[in-house]
Amino acid sequence: MKSFYITTAIDYVNGSPHLGHAYEKVLTDVIARFRRQMGDQVHFLTGADEHGQKVQASARKQGIEPQAYVDATAAEFRALYDRLNISYDDFIRTTEPRHKKVVCDVLQKLFDQGEIYQAEYRGFYSTRQEQFLQEKDRLPDGTWPEIFGEVTAIVEQNYFFRLKKYQDWLIDYLKTHEDFIFPKYRQKQVIEFLKEPLNDLCISRPRERLEWGIALPFDSNYVTYVWFDALLNYYSGVVDKGFWPADFNVIGKDILVPPHAVYWPIMLHAFGLPPPKALLVHGFWMQSGAKMSKSTGAAVNPLDLIDQFGVDAFRYFLIREMNVGQDSEFTVEQFMVRYNSELANNLGNLVNRALNMTTKFAGGVLPAAEVIEELELELLAVWTKTRDELVPLGETFQFHTALERTMTFLTATNSYIDKRAPWKLGKSTEPKDQALLRTTLATIAEASRLAVTAMLHVTPASTQKIYEAFGYTPGTEWQAELEWGTKLNGAKVSPALVLFPRPEKPAAPAKA
Ligand code: ME8
């Protein structure tokens with residue numbers, strides 16, 4: 001069995017989770033479920049980034065200890081991911097002893113190897129980004145870009161990691177590992193970034209400025225820079241499980257350069273470990289063109305949509321709407337369009353037609369197909385094409401296209417019903433019409449089963465409910481479940497299933 005280790009970014013738990021956080025976990029979950037369906041032994045790690053200035057500041061604001069603060073907020077993130085049916089195998093928190101130990105071991109080894117040295121830092125510091133700045137970061141008018149928040153001039157002793165020394169190694173690595181970053185064009189951006197000389201990375205923060213972090217094992221007057229701490233979660237989470245290197249670190253585009261594309265591979269290489277096999281970089285959910293984030297305060301609360309429309313409708317929308325790697329505009333209107341036309345009208349309607357008519361015309365027991373005419377052959381051809389595309393699309397993260405193709409198949413099935421008009425066949429006593437009626441019932445039930453099997457990794461709970469309504473227990477081999485066949489013959493179906501109900505009132509605009 002091939003092992004497949006996948007991670008998400010670990011979220012800063014200094015506020016409540018937003019749509020961007022939810023999307024990344026749903027996307028990673030869809031990939032993890034897809035790989036499990038393909039037979040891989042998957043290990044899926046997610047977690048919480050709990051140290052650093054932002055968390056310390058948020059805890060102080062509430063007048064509580066940072067640990068009590070992160071215990072509460074990390075629980076809120078985790079509860080959301082459980083609710084979203086995220087099938088993670090492990091949830092790591094950077095305040096856990098197992099993580100701290102690995103961070104200390106890595107730092108000590110790098111220090112002993114001479115990869116970390118002490119020097120004076122003179123320059124500027126952005127608290128909001130927890131980043132040292134240089135003159136070149138200023139805007140042409142001499143001010144600092146907004147994203148840095150308040151910037152202060154500082155002079156202090158710190159510890160530095162020899163990043164510069166590995167610049168040529170990294171460029172060479174990127175040139176010889178063309179598939180390191182998905183989408184590919186982002187790899188070119190990193191190579192472009194590396195045309196400028198790198199500075200060594202300051203990996204310490206003096207305790208008097210920041211207490212909330214992992215103490216440097218070789219100098220307890222300092223805590224570890226939050227990125228150096230956080231990146232190591234991908235390794236500390238599996239250190240004793242034999243999963244390294246990761247197959248994919250899934251991250252958003254804002255944290256590719258420099259943390260994941262520069263610091264991370266160099267840290268691992270200096271330590272003597274191979275980098276992850278690949279970084280999967282997703283785009284941003286935007287609202288009216290602006291990045292939604294905790295700091296701009298324009299975050300959509302994903303829980304609102306889940307409450308109103310259910311987990312699977314929410315998961316479906318995120319995966320259907322976003323082409324992995326690109327940005328997407330989020331609007332409640334677009335959510336409603338997809339919900340109504342694709343989930344309620346196309347899928348929900350088909351399933352209910354199949355259940356109702358089987359109940360009405362066949363006593364609730366699915367008959368076998370008896371005739372194969374042109375209409376059946378046409379529908380089978382649409383399915384065969386869809387099925388052939390599913391695996392290659394999934395393997396290249398084109399889940400949005402796979403869902404689009406599945407919707408096309410559902411549309412074709414609904415129009416097959418209209419052409420066969422089983423309600424008319426049901427009125428006829430002609431044996432030929434009765435045979436056609438049984439064929440139609442079998443065909444639309446089988447088409448429903450296949451369509452929801454194709455969507456299994458995106459809408460796992462709904463797929464399961466639909467299987468149950470058709471009295472069906474799927475086999476363990478997903479690809480075998482995608483074969484058009486006779487699996488439902490003789491199954492006892494439920495008379496109806498409320499899956500994607502119409503909202504009683506129009507959706508309220510998501511909370512700002
Ligand atoms: O960056 N759309 O945490 P974070 C899509 N702790 N994705 C978004 C998004 C949006 N509008 N906003 C944020 C951190 N994200 C660090 C990571 S990993 C070792 C440490 C994504 O809570 C973002 O790109 O700010 C990142 O991948 C994830 O949410 C967590 O962001």
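What follows is a chat about helix contacts and strand pairing in this model.

Tutor: Keep in mind that this is a predicted model.

Student: Noted. Start with strand S3, then. Is S3 mostly covered or mostly open?

Tutor: Mostly covered: S3 spans residues 41–49, and eight of its nine residues are buried.

Student: How many bridges join S1 to S3, and which way do the two run?

Tutor: Strand S1, residues 3–8, is joined to S3 by five bridges, and the two run parallel. Within that pairing, Ile6 is opposite Phe44 of S3.

Student: And how does S2 pair with S3?

Tutor: Strand S2, residues 11–12, pairs with S3 in the parallel sense over two bridges. Tyr12 has Asp49 as its bridge partner in S3.

Student: What about S3 and S4, parallel or antiparallel?

Tutor: Parallel, with four bridges between S3 and strand S4, residues 90–93. Gly47 is opposite Ile92 in S4.

Student: Where do side chains point in a regular strand?

Tutor: They alternate between the two faces of the sheet.

Student: Now the open sheet. What is its strand order?

Tutor: The order is S6-S5-S7-S9, four strands with antiparallel pairing. Strand S6 (131–133) and strand S9 (201–202) are the edge strands, each pairing on one side only.

Student: How many bridges join S7 to S9?

Tutor: Two, between S9 and strand S7, residues 151–161, and these strands run antiparallel. Phe161 stands across from Leu201 in S9.

Student: Switching to helices. At what angle do H1 and H3 pack?

Tutor: About 50 degrees, with the axes 11 Å apart; helix H1 covers residues 19–37 and helix H3 covers residues 66–83. H1 and H3 are therefore oblique to each other.

Student: Left-handed or right-handed crossing?

Tutor: Right-handed, as H1 passes H3.

Student: Which residues meet there?

Tutor: From H1, His21, Ala22 and Lys25; from H3, Phe77, Leu80 and Tyr81. Sorted by class, the residues in the contact of H1 with H3 are four nonpolar, one polar and one charged.

Student: H3 also packs on H2. How do the axes of H2 and H3 cross?

Tutor: At roughly 100 degrees, and the axes of H3 and helix H2, residues 53–62, come within 9 Å. That angle makes H2 roughly perpendicular to H3.

Student: Fine. Which residues make the contact of H2 and H3?

Tutor: H2 supplies Val55, Ser58, Ala59 and Gln62, and H3 supplies Pro66, Tyr69 and Val70. The contact of H2 with H3 divides into five nonpolar residues, two polar and no charged.

Student: Last pair: how are H6 and H9 placed?

Tutor: Helix H6 is residues 184–193 and helix H9 is residues 256–271; their axes come within 11 Å and cross at roughly 90 degrees. H6 is therefore roughly perpendicular to H9.

Student: And who touches whom in H6 and H9?

Tutor: On the H6 side the contact has Arg186, Val190 and Phe193. On the H9 side it has Leu256, Val257, Pro258, Ala261 and Val262.

Key: Residues numbered from 1 in each chain as written. Predicted model: local features only at pLDDT ≥ 70, side-chain atom pairs only at ≥ 80, totals over all residues. Heavy atoms only, no water. Axes fitted to C-alpha atoms, helices over the stretch in contact; angles between N-to-C directions. Parallel < 35°, antiparallel > 145°, perpendicular 65-115°, else oblique. Left-handed = near helix turned anticlockwise from the far one by under 90°. Contact = heavy atoms within 4.5 Å. Nonpolar A, V, L, I, M, F, W, Y, C, P; charged D, E, K, R; others polar. Pairing = 2+ DSSP bridges. Buried < 20%, exposed > 50% of the residue type's maximum accessible area, 1.4 Å probe, protein only.
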